Amino acid sequence: MMKKEISVVLVDDHINFRNELASVIDSFAEFVVPWQADNGKHLIKQLAQSALPDIVLLDINMPEMDGFETAAWLKAHHPNVKVVAISTWDNEKTINRMLSLGACGFVLKDVEPLEIKAALLGAAGQ
Amino acid sequence: MKKTLFLLLLAAWLHPATAQLTTWTAGLGHLEMGKQVSVLEDPNGAFTIESVSADPFRFTRSNQSILHFGFTRSVFWLHFTLDNPTKDSLLLELDHAFIPTADLYARNSAGRWVAQQAGFRVPLDRKPVINGAQVFPLPAGPHDFYLRLQPYVHAIPVSIWEKSRFHVQASREKLIYGVYAGLLLFAIAINLFLFYTFRRGYYLKYSILVALYILSSALVMEGYAVYFFPTIDLMFWYRIIPVLDMPALLFYCLAFLEVKRLDPKLYRLVNFFCFALLAYIAALEFLPLLPVLVVNQVLALAVFILAILIGVRTGRRGNKLGYYFVIAYSIWFVLIDIELAYIQTGYPPHPGPISYVSLAIFIEAFLLAWLLIQRFRWEKQEDERRQVLMQGHINKMHREFQHAIFSSKLEIQEQTFQEISQEIHDNIGQILSLAKLHIATMEPGGNTVLAGKIRESKTLITKAIADLRNLSHRLNTGYINEVGFDTAVRRELEAIRRSGVFETKLQVTGTPVRFDPQKELILFRIVQELLNNIIKHAGAKTITVNLDYDTPFLDVAVRDDGRGFDRNSNGYHGLGIKSMHHRAGLIGAEFHLTSLIGSGTVATIQLPLRKPAELETAQPEKNSTL
């Protein structure tokens with residue numbers, strides 16, 4: 001048997017895509033998605049009431065509180081939570097900025113499910 | 001007692017002088033009598049010929065070559081003794097029109113006093129000799145003559161003429177005055193014509209002023225009016241017309257020197273003074289004559305001083321013509337002073353038949369005319385300068401307007417691109433990603449046909465996402481500014497090459513540098529449009545782009561090997577070439593397009609990478625170090 005499942009929280013304002021991706025990630029034996037958030041603020045609000053997740057899969061373009069702000073907040077308040085950025089497509093500058101804000105991985109949204117799994121496992125293993 | 005004795009002795013000494021005999025000699029022609037006459041003042045005009053001739057000792061020798069009595073209402077008696085032993089016919093002339101009455105007394109053969117009457121109160125056609133001045137025929141032989149006259153203000157040259165000499169001289173004088181007046185009338189005519197042509201008020205005012213000048217000098221002061229109006233009361237007009245000159249002159253000064261604009265305070269003051277003058281003229285009729293004549297002289301001086309003051313003030317405030325006015329009126333002022341001196345002292349005598357006032361008027365009229373010409377020239381130059389300036393303004397405004405239009409067009413375009421890019425990123429991209437995710441999780445359940453289709457769909461969607469990502473990037477302003485012009489062009493060409501229809505080449509010379517983001521964006525949009533034109537219309541196989549950073553310019557050349565086009569063809573205008581031209585101009589670049597049917601098209605853009613000022617100064621620096 002595997003050891004304890006890795007918890008992944010998805011933060012993305014595109015709810016359909018997020019739900020689909022959540023179900024993909026949930027379908028992997030190694031991961032569990034306890035809850036999701038629409039944006040950074042929503043995430044912070046829910047974190048106060050829930051156990052800390054191992055990984056936050058963080059979209060960049062979001063209303064109210066975007067990926068950059070959320071990553072910075074997480075780095076300051078919960079440095080142990082791993083952040084993996086996810087985006088439709090973005091340029092080098094955006095990626096570099098996310099990495100400098102503490103993200104330990106970056107995936108595109110049209111990624112293959114297996115690549116997501118690899119990226120999440122890589123983040124969890126760090 | 002002593003005093004009485006002295007006076008008696010003096011009278012005894014004077015007596016031979018009053019009885020002094022002047023003898024005319026043949027061929028003399030003209031004899032000045034100023035010092036040959038004796039004078040007696042008759043303050044109330046009560047003396048008669050009998051009373052004055054009975055006591056010739058009361059007369060005193062004049063000692064004045066030109067008789068002058070100052071401002072006075074007194075009657076004066078002149079006495080002289082003349083012997084004309086020759087056969088010459090002689091005339092006595094009092095050379096002034098402004099003597100109201102002048103009576104010459106001589107004894108007739110019966111020994112009785114007979115008077116000949118002249119003066120302007122006598123109608124011209126009833127004078128002893130028809131002339132504006134007072135002229136009397138003198139009988140032959142030795143005679144005692146007494147002359148009763150009222151001089152008022154004027155100095156009076158007294159002389160005896162041989163008759164024919166007098167008529168020649170008198171005709172010449174009239175002729176000279178005719179020429180004098182003719183020249184002034186000519187000046188008036190020209191300025192009336194100029195007024196009619198240019199509609200500038202000061203030409204008309206000049207004409208009115210000079211017309212008044214002619215009236216006061218030729219007609220009134222010199223008395224030529226009597227030839228036109230034999231019964232005219234010269235003294236009446238003499239009080240009025242020269243005074244009318246004063247407001248006319250000042251009004252002209254105000255208009256010509258633009259005093260209203262340059263010195264509003266002075267303008268109001270002078271205007272007030274002018275209207276006061278006009279009121280004074282209206283009241284003249286009711287004022288006593290002698291004080292009026294004195295006041296008129298003082299006013300004349302005051303007006304010239306005022307005119308000089310206006311000239312100086314406006315000259316100081318930027319109207320150079322003001323100083324010329326000062327010169328003109330200083331000449332006036334001096335000549336008027338000389339005239340006043342002449343009236344008071346009989347010296348200096350008039351230069352020929354023209355008085356100092358007439359001379360001053362003449363000089364004045366032509367100096368003013370000359371100033372008008374100067375002014376016209378300066379105004380014309382100023383107009384031309386203004387026109388050039390205005391044209392410059394208009395051109396500049398036009399350019400700025402064009403600039404503004406194109407800037408806003410580009411801004412709108414860029415905004416639209418940005419929105420489309422965002423839409424693709426946020427919406428279509430998400431949906432396709434979601435679709436891909438769905439497909440990725442599909443289970444064909446051993447159905448190989450289905451598995452193949454799923455795989456195929458996944459590939460198609462992946463390609464669609466990649467293409468959209470590309471498109472989004474190309475439209476995204478921020479992206480272009482981030483990667484820079486050269487990289488954006490490179491990626492654009494790669495995207496075209498990936499489509500598989502065209503071969504693309506990029507040649508970069510020199511080290512690519514970044515420049516103003518706005519210019520980078522506009523330049524990139526032009527290149528994009530050129531590439532789109534090639535893709536849509538050229539039918540080319542190869543697209544080549546050259547970027548040359550080696551000079552102070554960035555040289556961009558976009559070349560294709562397509563079918564080319566004719567500038568005159570209908571399709572040409574659809575290519576947006578004009579717009580590309582404008583946009584290139586907007587960033588200070590030169591845009592050229594060359595196309596030959598069958599040989600493809602080359603578009604070149606040359607963008608200065610440094611400011612023009614730097615380009616200019618760079619050259620001499622280089623030279624100086626050599």
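The questions and answers below concern a predicted model and take up its chains, sheets and helix contacts in turn.

Reader: How many helices and strands does the secondary structure of chain A come to?

Author: From the N terminus on, the elements of chain A follow the order β-α-β-β-α-β-α-β-α-β-α. The secondary structure of chain A therefore comes to five helices and six strands.

Reader: What percentage of the residues in chain A is buried?

Author: A residue is counted as buried if 20 or more other C-beta atoms lie within 10 Å of its own. Chain A has 126 residues, and the buried share of them is 38%.

Reader: Is A:Glu64 buried or exposed?

Author: A:Glu64 is found in the loop between β4 (55-59) and α3 (67-77) of chain A. Its phi is near 65°, a positive value in a residue other than glycine. The limit for this class is 12 or fewer C-beta neighbours. Because A:Glu64 has 12 of them inside 10 Å, it counts as exposed.

Reader: Where does B:Glu258 lie, given its positive phi?

Author: B:Glu258 is not a glycine, yet its phi is about 50°. It has 17 other C-beta atoms within 10 Å and is therefore partly exposed. Its place in chain B is the loop between α6 (234-256) and α7 (259-262).

Reader: Which element gives the largest share of the side of chain B that touches chain A?

Author: In this interface, 17 residues of chain B are in contact with 15 residues of chain A. The elements of chain B that give two or more residues to this side are α11 (356-440), α12 (448-475) and α13 (477-483). Eleven residues make up the largest share, and they come from α11(B).

Reader: Why are α9(B) and α10(B) described as roughly antiparallel?

Author: The axes of helix α9 (residues 289-316) and helix α10 (residues 321-345) of chain B come within 8 Å. The crossing of α9(B) and α10(B) is left-handed. Angles over 145 degrees count as roughly antiparallel. The two helices meet this condition because their axes cross at roughly 160°.

Reader: How many nonpolar residues are in the contact of α9(B) with α10(B)?

Author: Residues of α9(B) in this contact include B:Leu301, B:Phe304 and B:Ile308, while those of α10(B) include B:Tyr329, B:Trp332 and B:Phe333. The contact has six polar and no charged residues, and its nonpolar residues number 14.

Reader: Which crossing does α4(B) make with α11(B), left-handed or right-handed?

Author: The axes of helix α4 (residues 201-221) of chain B and α11(B) come within 10 Å and cross at roughly 165°. The two helices are therefore roughly antiparallel to each other. Among the residues in contact are B:Tyr206 and B:Tyr213 of α4(B) and B:Ile361 and B:Leu368 of α11(B). As for the hand, the crossing is left-handed.

Reader: Which residue is the bridge partner of B:Val545 in β14(B)?

Author: Five strands form an open sheet with mixed pairing, in the order β12-β13-β14-β16-β15 of chain B. Six bridges join β13 (residues 542-548) to β14 (residues 553-560) of chain B, and these strands run antiparallel. In β14(B), the partner of B:Val545 is B:Val558.

Reader: What angle does the direction of helix α15 of chain B make with that of β14(B)?

Author: Helix α14 (residues 485-498) of chain B packs on the five-stranded sheet, touching β12 and β13 of chain B. Helix α15 (residues 517-538) of chain B also packs on this sheet, touching β13, β14 and β16 (600-608) of chain B. With the direction of β14(B), that of α15 of chain B makes about 10°.

Terms used: Residues are numbered from 1 along each chain as its sequence is written. Chains are lettered from A and ligands numbered from 1 in the order in which they are written. This is a predicted model: local features need pLDDT of at least 70, side-chain atom pairs count only at pLDDT 80 or more; totals for chains, interfaces and linings use all residues. Two residues are in contact if their C-beta atoms, placed from the backbone, lie within 7 Å. Helices (H or I, at least four residues) and strands (E, at least two) are DSSP runs, numbered from the N terminus. Axes are lines fitted to C-alpha atoms, for helices over the stretch in contact, and angles run from 0 to 180 degrees between N-to-C directions. Angles under 35 degrees count as roughly parallel, over 145 as roughly antiparallel, 65 to 115 as roughly perpendicular and the rest as oblique. A crossing is left-handed if the near helix is turned anticlockwise from the far one by less than a right angle, and right-handed if clockwise. Ala, Val, Leu, Ile, Met, Phe, Trp, Tyr, Cys and Pro count as nonpolar, Asp, Glu, Lys and Arg as charged, and the others, Gly among them, as polar. Two strands pair if DSSP finds at least two bridges between them.
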